[in-house]
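User: Could you take a close look at one part of this model for me, the place where the two chains meet? I'm new to this, so please walk me through it step by step.

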Amino acid sequence: MSKKRSLTRRIFMIGSASIAGVAIAGVGIGTGYLASVDVDGLGASKNDTGSVDVTAWINIAPDNKVTIYVPFLEMGQGTHTGMGQLVAEELGIDIEAENVSVTHPSRELSAYANWTMFLNRRPEEEAGPVTWFSQRAIAAMRMVATGGSTAIVGNWSGVRQAGATARELLKAAAAQKLGVPADKLSQHHTEFSTPDGAQIVKFGDLAELALQQTPPTNIKLRGHEDFTVIGKSVPRLDIPEKVRGAARYGIDVRLPDMVFAALHQAPVFGAKIKKIDEGQARKRHGIIDIVNLETAVAVVADNTWRAKQAVEALDITYEWPAEFADSSKIKADLKSRIEAEDYTRTDSRRDIPLHFEQAAKTIEAVYETPYLAHATMEPMNTTVWWKEDDTVEVWSPTQSQTATRWAAEAAGSAKDVTVHVTYAGGGFGRRAETDFAIYAAKVAHALKGRPVQVIWSREEDMRHDDYRPGAIAKMSAGLDAAGKISVLKAEVGSQSVFASYLPRNLGMPAPASQDEATLEGILKSPYLPPAWQVSAVDVDTSIPVGFWRSVGHSNNSFFMECFADECATGAGLDPAQFKLANLPANSREARVLKLLMEKAGWTGPLGNGKGRGLAVHKSFRSVVGAVLDVSVDDEKTVTLEKAVMVCDCGTVINPRLVEAQMQGGLIFGLTAAAFGEITVEQGKVTQGNFDEYEMLKLASAPSIEVHLMPGTDLPGGVGEPGTPPAAPALANAIFAATGERIRTLPISKAGYSIAEA
Amino acid sequence: MARLTINGKGHDLDVEGEMPLLWVLRDELNLTGTKFGCGAGLCGACTVTVDGEATRSCITTVESVEGTNIRTIETLADAGTLSAVQQAWVEHQVPQCGYCQPGFIMATSALLDQTPDPSDDEIDEALTNICRCGTYERIRAAVRRAAQLKKSGGQS
């Protein structure tokens, strides 16, 4: 293990309890060293392409082209456009102009480190010594990564600061060049002019001169009232090339002399390749090599299809693991551990049993959710060119640029690894993993000198995912005579995502205690009355689990918002009124709920086989509510008629992008609630393709109306928060229509299907 | 050997007759706009038109399309001008990740060539592709807009 890896091992900890640990690690690294880490990236420097980087976020070329660097994977969420808007606002440029573009930088700079995601801290939250050490310790490792809906959240202030700094540097250069005081100059997009308009100078002519200017301090950033780019529905910058079929995804990388590899992974979790009987495989048309990757076999060919045909023809013998995972056994284990109160962590306030005794009414329900696959439209893939001199170039649709580089470095004696991040055909957390890069790097190492693209088949992608863990929750509440929750107990059983992710991707030990992801959305729920208990139980299994759009919230919103609906029924109250009465009056959730009731025209039951379901959930610093209208016929066929959503994500950068994320997030959650289930039998995943793991399609999709809460608070995330309300809104709507409670997902388990309009 | 006519151009290809068209397009001709999604004709990301019919190229063998006219996303725009369907897709800001959209655009192009003013049911029947980002609402609006643009004289 390299020095860098072990350093990361020390500093990479997630969750609020880790801050102090990171700070101690920071002190260990050395205050003097950390002070030299450039976390802001506000300096100007010459780029090796002959252009000039005016801050870490902006490149100016001599031909007056402006390139905005966005070190976040564009996987559909619109981050290139949204982040670009932050830069453009302060740089004072027209982001839609032809000489402006956005690119994902291949360099990993400290300023790009996503410490907001790793530490779960927003830069504006605090500025004490602990933050100083934590931020710099992460930045020293660079840790460029996309996830946790953090791009805008983590860079709201810093990137605008960079835009403003670049503007001032260029303006000072213009003043020097034109011999006019800076404050007399006017800026029009990428040029400055003298007061009489007689002399004009372009950014491209100023970049070199900007290098010699001193970055100003104490620049005042524009206030909300002055925004001209932030808050506007700027068209997505990537759409023109995406509708032409010209956008380059990972799978579209083409290099001279490139070859293709198909993969076959050992079908059982924990199994290894024991022996490969190649038969006549190497003699097949176009076959170049067969590589044993210990847990998989790759066949390299001149064409993906030929590679796949050949890999399927191999006769492979496996070394089986000691135990074979089984998803139904995991469920049973979690259930019995909840019954035995065999908690891995528990938090509580006040005397829970006493409050249950005193309650006017008690309600109890047990909910279950399944394992889920990410099923990104673009299957896992990475292209690696391991050159003869051991320099390595990687092209990958990855959410983990830095960890991908480490993965390539670890595959052989690589020096100077560069990771080029391409567009991704969906991500949803799957591309935070490094497995697809590791396999590609190993194949490329074996093939030294020739670029190779390793592509997974859909079945490989489905059966070797890092799944959203299934969960079980036993929910109990006591209500007082007025129908208010007086005591709440939530016992959640689920595999720990971090315990699975950290050792697998970063060579780090699992966290000592159950991580908060298992309980997020319940532990700090605004429904918690003064007396509450929130407990977790864990299970040890070889099924790999990972981050799936909204992570623990995807389970916990279902438990919490369905249970609140059940409590409303128990109290004999309308669900919306019940929730409003039980949420703190000044909470963001209550404000969203009120606006949602107004926009959806919430007036109570619909009747006639129709039902409306409601859910409001906070995740990733945003609150999203949804009202879903369904109709259900006698055959239990559910028509998804219409959804109304309200999103409070603080300051909105681009309303149309947020709307798209809300709609897409809801569809993602509805798809899972309607059909999604991964089952594991004898260590193998049963489902292989979209016929067995179905997706909601156009004919079934509801219309979705989105309302954004106006506001000027710090921005929250938008990529994930649209998903959590989907499943509870659907289950609550079906209850409203039929009187049947669905406590186990997907709804197909209770015999319900989705109508194709 | 196979001879295929793709985007109006003839290609002599040294490929097996049973190779799916998708892999000829992507790996032999570097026409990467047509995407691989499932390999089983289930998701539609690989949709091209064959003699004007929307066709899932991942389950269409080379030998079955010899002598036909195959069209891919790359030449939908005429000399740089977007087709009506592509224009509508831009106007309605349809794509998110965009990976499935070439397939949707090709399927919509074939639909509107045959049914210039499709009903909702006809749209549902023709567009059975999968979009994991959930852009369906914008797709429906864009199909309607494309029909309008085509009628008002835009190209297909």
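Analyst: Let's start with the charged pairs: six salt bridges are counted between chain B and chain A. In one of them, the side chains of Asp252(A) and Arg26(B) come together, with 2.9 Å from N to O. Keep in mind that this is a predicted model. Polar contacts turn up here too, with 33 residue pairs across the interface of chain B and chain A, both residues at pLDDT 80 or more.

So which parts of chain B do the touching? Five helices, α1 (21-28), α2 (84-91), α3 (101-114), α4 (120-126) and α5 (136-151), each bring at least two residues to the side of chain B that touches chain A. The largest share comes from α5(B), with five residues. Sort that side of chain B by residue type and you get 26 nonpolar, twelve polar and 15 charged residues.

Now zoom out to the whole interface. Here, 53 residues of chain B are in contact with 59 residues of chain A. Together the two chains bury about 4,600 Å², and 57% of that is on carbon and sulfur atoms.

Chain B also has a meeting place of its own. Its domain assignment gives domain 1 (2-72) and domain 2 (84-151), and the centres of these two domains, taken over C-alpha atoms, are 21 Å apart. Domain 1 of chain B puts 16 residues into the contact, and domain 2 of chain B puts in ten. Between them, these domains bury about 1,000 Å², 56% of it on carbon and sulfur atoms. As for salt bridges, the rule finds zero between domain 1 and domain 2 of chain B, but it does find seven residue pairs in polar contact there, both at pLDDT 80 or more.

Terms used
Residues numbered from 1 in each chain as written. Chains lettered and ligands numbered in written order. Predicted model: local features only at pLDDT ≥ 70, side-chain atom pairs only at ≥ 80, totals over all residues. Heavy atoms only, no water. Contact = heavy atoms within 4.5 Å. Buried area = accessible area lost by both parts, 1.4 Å probe. Salt bridge = Lys/Arg side-chain N within 4 Å of Asp/Glu carboxyl O. Polar contact = N/O pair within 3.5 Å; in protein donor to acceptor, adjacent residues only side chain to side chain. Helix = DSSP H or I, 4+ residues; strand = E, 2+ residues; numbered from the N terminus. Nonpolar A, V, L, I, M, F, W, Y, C, P; charged D, E, K, R; others polar. Domains from an automatic or database assignment.
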